[in-house]
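Please look over the sequence and the structure shown below before reading on.

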Amino acid sequence: MDGFTEANLKALAGPRSFERGLGYLDAVSGVEVGDGWVTASVHGTERYEVELALEGPGGLGGECDCPYGMEGNFCKHLVALGLTVLGRGTSLPRQRKAARDRAQDLDTWLSTLSKGELLTLVKEQVGEDRQLRRRLELRAAGARGDLAGVRASVRELLDVRPFARYGHVEYADARAYADQAGQAVSAIGALTGSGRAAEAVDLAREAMRLLAEAAESVDDSDGWLGQVGADLAAAHLEACRSASPDPEELARWLVGQALGDVDEGLTEIDPLDYRDVLGDEGMAAVRKLVVEAWRGNRTGWAEKYLMERLAKAGGDIDMVIAVHAADLTPNGHTHLLIARELDTARRPDEALTWAERGIRETQDLAAVDTALVDHLCERYAQAARLPDAVALRRDHFGARRSLLTYQQLRVAARAADCWPAEREMALALLRADAERQGQGWYGGPVLVDALLDDQDGAAAWQAAVETGAHDRQWLTLADQIRPDRPADARDIYLRLAEPLTAQTGNTVYEQLVALLLSIRDCHSRLGTPDAFTEYATGLRASQKRKRNLMRLMDEHGL
């Protein structure tokens with residue numbers, strides 16, 4: 001219990017979830033204390049069931065069925081329950097002892113019952129708890145070797161109709177259906193454990209089909225069925241390991257599943273997971289089937305993925321390249337994948353050839369995968385081919401004129417000691433763009449950004465005056481010139497502040513106050529503080545209904 005403190009709750013949840021949990025203290029209800037656990041319901045967007053583990057293997061922990069909690073996070077609902085329990089102070093140890101005593105009393109009482117009395121008790125519970133009844137029915141059917149009974153129960157468990165009130169299972173009912181479907185997976189696992197693995201294989205395949213059909217009418221936004229599907233795939237693999245099915249038949253089924261997309265991804269089947277079951281004969285059949293499928297559809301995603309997986313597993317780099325080369329993308333992305341594979345295989349000359357080919361074959365350099373350009377420039381730099389790196393960056397900048405491509409050209413040109421000449425050519429392109437700006441061309445702002453990034457404030461100011469600039473750029477320019485040209489900076493700040501006075505919201509008020517502080521500084525530099533006072537007084541009179549703005553202005557002495 002030493003680890004159950006407010007500080008540990010905050011450490012587990014993180015500051016954000018902890019702070020949000022403080023707002024849910026009144027939403028905790030139905031608290032039940034066990035020996036090492038506490039459960040409750042917390043009412044958030046939905047009602048969530050929360051369990052706090054007080055002394056787990058890793059210390060304090062917990063589970064919540066909210067979406068964030070289902071990802072393994074210690075959520076705000078767990079924080080709220082933890083703080084609620086801590087608020088009970090010294091009563092928690094007493095409640096835990098009472099829970100232990102109750103459990104011991106129950107064990108003692110059960111041990112005194114006769115077989116007939118226990119049977120009566122179980123029957124009562126079976127009559128009241130449908131889930132318990134189904135679990136016991138499945139155990140009974142498995143124990144007596146009643147495969148037909150197990151199959152019928154699995155089909156019933158996967159039947160979506162009892163949950164589909166309006167023809168489909170709504171979000172609120174999805175987990176209940178998934179919990180029930182999970183019992184079908186458990187039944188298949190039990191069948192394997194009871195020595196009926198071959199039957200479990202067949203039943204798992206049928207369950208996959210039924211689950212896929214059910215998923216079409218279930219709102220599985222939280223991924224409950226996805227987890228059931230993953231568990232079902234694992235149960236099928238385990239059954240195959242016990243049953244040792246015919247390798248060729250299993251290969252056909254696995255490849256059909258992987259290529260057919262019949263289960264909507266709920267039970268993702270990877271034939272390579274079955275290598276130990278398939279053996280050499282089965283894997284040979286898998287390779288034959290996959291190659292045939294790929295040759296019949298070289299651009300199919302599933303076919304390409306399987307071929308690539310098989311080729312990598314076999315260390316066949318040339319086949320990996322052939323798979324990619326059969327469906328080259330026009331932007332050079334596939335060429336980049338091939339180049340990386342060849343680099344990994346320590347075939348750098350071929351890798352470089354493919355990367356350069358990707359640039360040559362790109363239909364539009366403005367749309368090229370920029371990672372390919374970066375990759376090739378890095379290789380040029382490593383090979384001391386700096387002029388080639390500059391040429392590529394220059395061409396890329398010419399096709400896609402942006403601040404980023406300008407910066408990348410600058411880095412490459414400086415490394416090659418030719419930046420002044422490259423800069424002049426690049427700026428000439430941007431100036432030409434700016435001259436066409438009035439005809440719908442969007443180049444002026446890039447010119448201003450480039451000059452600002454070069455820390456050439458005077459040239460950036462001139463470009464902004466001649467070609468125009470964004471408000472963000474004008475603000476940057478005003479901040480730069482304020483020490484030497486406060487009047488010009490003041491005029492910019494005043495222009496930027498004007499539209500904000502017609503808007504509302506705390507973010508707007510913060511922006512406006514920041515501008516007011518800059519305007520005040522300009523007037524101070526100009527020796528005209530009274531002019532600012534007059535401006536601020538008029539602004540207050542026109543904005544007096546905006547209480548948060550008035551508060552911010554007061555805080556800053558405006």
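The residues lining the largest cavity divide into 2 nonpolar, 1 polar and 3 charged, where Ala, Val, Leu, Ile, Met, Phe, Trp, Tyr, Cys and Pro count as nonpolar, Asp, Glu, Lys and Arg as charged, and the others, Gly among them, as polar. This is a predicted model, in which local features need pLDDT of at least 70 and side-chain atom pairs count only at pLDDT 80 or more, while totals for chains, interfaces and linings use all residues. Residues are numbered from 1 along each chain as its sequence is written, and side-chain values use heavy atoms, with hydrogens and water left out.

A search of the whole structure finds 1 cavity of 30 Å³ or more, and the largest cavity has a volume of about 40 Å³. On a 1 Å grid over the protein atoms alone, a cavity is a set of points where a 1.4 Å probe fits but cannot get out, whereas a pocket is an open set with protein on both sides within 12 Å along at least five of seven lines, and lining residues have an atom within 4 Å of a point. Grid points are joined across faces, edges and corners, and a volume is the space filled by probe spheres set on the points. R134, E137, L138, S153, E156 and L157 form the lining of the largest cavity, to which α6 (130-143) and α7 (147-157) each give two or more residues; helices (H or I, at least four residues) and strands (E, at least two) are DSSP runs, numbered from the N terminus.

The second largest pocket holds about 300 Å³ of space. It is lined by 15 residues, of which E46, R47, D65, A172 and R175 are the closest to its centre. Two or more lining residues come from β3 (47-56) and from α8 (171-193), and α8 gives the most, with 5 residues. By class, this lining has 6 nonpolar, 1 polar and 8 charged residues.

The rings of W461 and W474 are an edge-to-face pair, because their centres lie 5.7 Å apart and their planes stand at 85 degrees.

Conventions. Phe/Tyr/Trp six-rings, centres within 6.5 Å; stacked < 30°, edge-to-face > 60°.
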